[in-house]
Amino acid sequence: MSKGEDYIASLLSRAGYKFAREVIIEGVKRKQPLRYDFGIYSNGELQSLIEVQGQQHYVQVKMFQPTRADFTRYQEHDRIKISACLARGLPLYIIWMLMWLIPAYFMQVLLLERSFRESQVPPSCRNKIHSY
């Protein structure tokens with residue numbers, strides 16, 4: 001777990017969200033199952049997913065991806081996860097690592113999404129992939 005993930009977990013806890021870390025969704029895999037950083041639940045059902053991503057998801061960082069093939073694998077995993085969420089109609093929040101430094105903004109986004117769910121906005125009217 002990264003410091004960013006720990007921080008997001010503390011924000012979710014303080015806001016009263018029911019969540020799990022390292023969530024696996026059946027069928028979302030490359031060779032092995034791919035994990036999402038967080039799953040948010042309501043009444044025991046998965047409502048949305050969160051990925052906390054550092055720069056290694058966007059540019060090759062030698063510490064994480066010594067070779068170009070390693071970087072390409074990171075990107076392929078991200079594409080698989082995003083496609084799986086779109087296919088299942090699950091909202092996915094992709095939080096760039098620096099965004100966790102702005103907790104009020106992140107919590108405002110989650111509270112807005114909660115109000116959308118509670119007001120029964122049709123899913124077809126909502127963007128399912130959110131990148132911050």
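1. Let's start with helix α1, which runs over residues 3-14 of this predicted model. Its 12 residues reach 17 Å from the first C-alpha to the last, close to the 16 Å expected at 1.5 Å a residue.

2. Which residues of α1 are buried? G4, E5, I8, A9, L11 and L12 are. Looking down the axis of α1, these buried residues fall within an arc of 160 degrees, so they line one face of the helix. Note that E5 is in the buried set along with I8, L11 and L12; worth a look on screen.

3. What about the other side of α1? There, K3 and R14 are exposed. Just after the helix comes G16, and this glycine takes a positive phi of about 85 degrees.

4. Now for the chain as a whole. How many helices and strands does the chain have? The count is three helices and five strands. Going along the sequence, the order is α-β-β-β-α-β-α-β, with α1 covering residues 3-14.

5. Last, burial and surface. The chain has 132 residues, and 38% of them are buried; G4 and A9 of α1 are among the buried ones.

How values were computed
Residues are numbered from 1 along each chain as its sequence is written. This is a predicted model: local features need pLDDT of at least 70, side-chain atom pairs count only at pLDDT 80 or more; totals for chains, interfaces and linings use all residues. Side-chain values use heavy atoms; hydrogens and water are left out. Helices (H or I, at least four residues) and strands (E, at least two) are DSSP runs, numbered from the N terminus. Buried means under 20% relative accessible area, exposed over 50%, partly exposed in between (1.4 Å probe, protein chains only). The expected span of a helix is 1.5 Å times one less than its number of residues. The arc is that of the directions from the helix axis to the C-beta atoms.
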